[in-house]
Amino acid sequence: SFMQSDISLMMNHINFYKRKSLMGKCPYDVAKATLPEDFFILWVLCSIPPEDINITPKLLNKSKPKND
């Protein structure tokens with residue numbers, strides 16, 4: 001199962017992915033221009049460098065315990 005930290009990590013990666021529909025900006029940048037700073041603190045949003053963005057299932061792959 002996933003924890004809130006997993007969901008936050010996933011959302012940070014999604015929200016830092018730049019989109020053509022936002023003129024090359026990411027949703028975070030657009031939100032930063034319109035929402036108060038408290039919003040970002042409350043939702044624990046943090047920056048992900050473009051080269052580290054991972055929007056594949058591998059981001060949340062959990063190791064399954066081995067049955068010995």
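A: Let us begin with a term that we shall need throughout: a residue is called buried when its relative accessible area is under 20%, exposed when that area is over 50%, and partly exposed in between. Asp 52, with a relative accessible area of 45%, is therefore partly exposed; this residue is found in the segment after α3, a helix that spans 37–42. Please keep in mind that this is a predicted model.

Q: What elements does the chain contain, and in what order do they run from the N terminus on?

A: The chain has 3 helices and 0 strands, so that its elements, read from the N terminus on, follow the pattern α-α-α. Of the 68 residues in the chain, 15% are buried, and the chain exposes about 5,700 Å², of which carbon and sulfur atoms supply 61%.

Q: How far apart in sequence are Asp 52 and His 13, and how far apart in space?

A: Asp 52 and His 13 are separated by 39 residues in sequence, while their C-alpha atoms are 8.5 Å apart in space. His 13 lies in helix α1 and, because its relative accessible area is 5%, it counts as buried. Leaving aside neighbours within four places in sequence, the contacts of His 13 are Ile 48, Asp 52, Ile 53, Asn 54, Ile 55 and Leu 59. For the chain, among contacts between residues at least 6 apart in sequence, 58% join residues at least 24 apart.

Q: Which residues make up the largest nonpolar core?

A: The general idea is that in soluble globular proteins nonpolar side chains tend to be buried together. Here the largest nonpolar core consists of 6 residues, namely Phe 16, Cys 26, Tyr 28, Ala 31, Phe 40 and Ile 48. Ile 48, once its neighbours within four places in sequence are left aside, is in contact with Asn 12, His 13, Phe 16 and Ile 53.

Q: Which residues make the nonpolar surface patch, and what is its area?

A: The patch, of about 520 Å², is made by Phe 2, Ile 7, Met 11, Ile 14, Tyr 17 and Ile 55. Tyr 17 is found in the loop between α1 (4–15) and α2 (27–34), and it counts as partly exposed because its relative accessibility is 41%.

Q: Is Asp 6 buried or exposed, and what lies 2.9 Å from a polar atom of its side chain?

A: Asp 6, which is found in helix α1, is buried because its relative accessible area is 11%. A polar atom of the Asp 6 side chain lies 2.9 Å from the backbone nitrogen of Met 3.

Q: What is the phi of Met 23?

A: Most residues other than glycine have a negative phi. For Met 23, phi is near 55°, a positive value in a residue other than glycine. Met 23 lies in the loop between α1 and α2, where its relative accessible area of 77% means that it counts as exposed.

Notes:
Residues are numbered from 1 along each chain as its sequence is written. This is a predicted model: local features need pLDDT of at least 70, side-chain atom pairs count only at pLDDT 80 or more; totals for chains, interfaces and linings use all residues. Side-chain values use heavy atoms; hydrogens and water are left out. Patches are made of residues with over 30% relative accessible area and no salt bridge: like charges are joined within 9 Å, nonpolar side chains (Val, Leu, Ile, Met, Phe, Trp, Tyr) within 5 Å. Accessible areas come from the Shrake-Rupley method with a 1.4 Å probe; for residues, only the protein chains shown count as cover. A salt bridge is a side-chain nitrogen of Lys or Arg within 4 Å of a carboxyl oxygen of Asp or Glu. Helices (H or I, at least four residues) and strands (E, at least two) are DSSP runs, numbered from the N terminus. Buried means under 20% relative accessible area, exposed over 50%, partly exposed in between (1.4 Å probe, protein chains only). A nonpolar core is a set of buried Ala, Val, Leu, Ile, Met, Phe, Trp, Tyr and Cys residues joined through side-chain atoms within 4.5 Å. Contact means heavy atoms within 4.5 Å. A polar contact is a pair of N or O atoms within 3.5 Å; within protein, one must be able to donate a hydrogen and the other to accept it, and residues adjacent in sequence count only if both atoms are side-chain atoms.
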